[in-house]
Number of protein chains: 2
Amino acid sequence: MSKKKGDKKAKPGKKKDHAGLSVVDLAPTITHAARSMRTALTRSLGESGLYAGQDGVILALAEEEGMTPGQLALRLGVKAPTMTRTIGRMEAQGFLERRADETDGRLTKVFLTHNGLKTVEQIGRSVSECGEQAARGLSDKEVRTLLKLLKLVEQNLQPAQEEDQDSLDD
Amino acid sequence: MSKKKGDKKAKPGKKKDHAGLSVVDLAPTITHAARSMRTALTRSLGESGLYAGQDGVILALAEEEGMTPGQLALRLGVKAPTMTRTIGRMEAQGFLERRADETDGRLTKVFLTHNGLKTVEQIGRSVSECGEQAARGLSDKEVRTLLKLLKLVEQNLQPAQEEDQDSLDD
DNA sequence: CTTGTCGCCCTTTTTCTTGCTCATCGACTC
DNA sequence: GAGTCGATGAGCAAGAAAAAGGGCGACAAG
């Protein structure tokens, strides 16, 4: 196989860039890794009858019942319409149910059904073993480093990340 | 199973420091970061008239014309059907064209059109600035570390990467 | 040596889901 | 009553799995 990447932007600097890795590889690499992760997760999650993307909803709800779609979306990092549809499908699948808030008619609260509750530990297992497979051969320290860098990248990419130090909470 | 460094189960709150980061966070964190990256890339790529996922096809073809859908899929880490449809759409968009191989009737070769060729550098710019935004505040060394770890994760998640050869140990 | 069949490879089609953006509708607040 | 916040609907695309279509080569039978 021919490994001809990186030769187009060979930096003539005195740095010892052994592999020619730089920021231009960031997007493809993250994307590719995430795709592999998603595929692996889909396989593992399929035994529970769910799809990748639904696991987070169950786990978040297992930690805190009665969240609203907006809160769930914010927590999982997806947009509200996406969460609405995923919730709708999962409701049809019988994993959770919507309940209208009594005090505020705008809000919809989401609760796990008995069926959904049963899948929690299985999902946890799926996510765990998927993470373990991904981290095979990595030291504990390397995993923490990876997570830390990933979170920094994530923050950097937040569009509403204006550094207004004033709290904008309600 | 040759490593014994950290195969204990993820027990919350057992270790020392800041946050209880462990392998169970790997899947959500990578997923979340990749989503943010994809969203940012979609915005940037939109000016060129493309969608996230199409950029890699153009760039791969710019490096090596006449690749088959299967080769492209393998290179970009997606499944063949996905690549077929993406190619079809991009062909309709006028960025590339399909040409039947003369010697082998099974093969389809993909070539950039003049229009597609014109977008190459713009795509490169989009990917670059997106990577730079993601890497904001990270040192060069940190970026390389992140890329290295990501590639390891990616390799670990390849399903067809069984231990047919024991030389690919850690 | 010729021929026919079978199996494999590559591509494409189909169906399902997530995810985003834009737009709408209802309900609460001022 | 106007503005705003939250949830939802419609439209577009990527990605995966399963399966179908076509072509090529190998292998066996005559």
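Is Thr119(B) buried or exposed? Keep that question in mind and open the model, which is a predicted one.

**Stop 1: Thr119(B)**

Select Thr119(B). Thr119(B) sits in helix H5 of chain B, which covers residues 114-134. Its relative accessibility is 9%, so Thr119(B) counts as buried. The cut-off for buried is under 20%. Now show what surrounds the residue. Beyond its neighbours within four places in sequence, Thr119(B) is in contact with Ile58(B) and Phe95(B).

**Stop 2: along helix H5 of chain B**

Stay on this helix and select His114(B). His114(B) also belongs to helix H5 of chain B. Here the relative accessibility is 62%, so His114(B) counts as exposed. Draw a distance from His114(B) to Leu59(B), C-alpha to C-alpha. The value is 14 Å, for two residues that are 55 apart in sequence.

Next, select Gly131(B), again in helix H5 of chain B. Gly131(B) is buried, because its relative accessible area is 0%. What does Gly131(B) touch, leaving out residues up to four places away in sequence? Gly131(B) touches Val23(A) and Leu26(A).

**Stop 3: chain A as a whole**

Hide the side chains and colour chain A by secondary structure. Chain A has six helices and two strands. Follow the chain from the N terminus and the order of elements is α-α-α-α-β-β-α-α.

Switch to a surface view. Chain A exposes about 10,400 Å², and carbon and sulfur atoms supply 51% of that area. Of the 170 residues in chain A, 41% are buried. Contacts tell another part of the story. Take those in chain A between residues at least 6 apart in sequence: 48% of them join residues at least 24 apart.

**Stop 4**

Side chains of opposite charge can pair when their charged atoms come close. Over all chains, the count comes to 16 salt bridges. A few are worth a visit.

Select Glu97(A) and Arg99(A). They form a salt bridge, with the closest N and O atoms 3.0 Å apart.

Move to Asp140(A) and Arg144(A). This pair also forms a salt bridge, and its closest N and O atoms are 3.0 Å apart. Why are the two separated by about one helical turn? Asp140(A) and Arg144(A) are four residues apart in helix H6 of chain A, which means a separation of about one helical turn. Check the accessibility of both ends. Asp140(A) is partly exposed, with a relative accessible area of 36%. Arg144(A), at 18% relative accessibility, counts as buried.

Now select Glu63(A), Glu64(A) and Arg75(A) together. A network of salt bridges links these residues.

**Stop 5: a salt bridge in chain B**

Go to chain B and select Glu63(B) and Arg75(B). Their side chains meet in a salt bridge, 2.8 Å from N to O. Glu63(B) lies in helix H2 of chain B (residues 55-63) and Arg75(B) in helix H3 of chain B (residues 69-76), so the pair ties together parts that are twelve residues apart in sequence. Glu63(B) counts as partly exposed at 34% relative accessibility. Arg75(B) is likewise partly exposed, at 34%.

**Stop 6: the positive patch**

Which residues form a positive surface patch? Select Lys141(A), Lys148(A), Lys141(B) and Lys148(B), which form it. Two elements give two or more residues to the positive patch: helix H6 (140-156) of chain A and helix H6 (140-156) of chain B.

Finish on Lys148(A), which lies in helix H6 of chain A. Its relative accessible area is 43%, so Lys148(A) is partly exposed. Patch residues need over 30% relative accessible area, and Lys148(A) has 43%.

Conventions:
Residues numbered from 1 in each chain as written. Chains lettered and ligands numbered in written order. Predicted model: local features only at pLDDT ≥ 70, side-chain atom pairs only at ≥ 80, totals over all residues. Heavy atoms only, no water. Patch = residues over 30% accessible without salt bridge, like charges linked within 9 Å, V, L, I, M, F, W, Y side chains within 5 Å. Areas by Shrake-Rupley, 256 points an atom, 1.4 Å probe, with all protein chains shown as cover. Salt bridge = Lys/Arg side-chain N within 4 Å of Asp/Glu carboxyl O. Lys, Arg positive; Asp, Glu negative; His and termini not counted. Charge placed at Lys NZ, Arg CZ, Asp CG, Glu CD. Buried < 20%, exposed > 50% of the residue type's maximum accessible area, 1.4 Å probe, protein only. Contact = heavy atoms within 4.5 Å.
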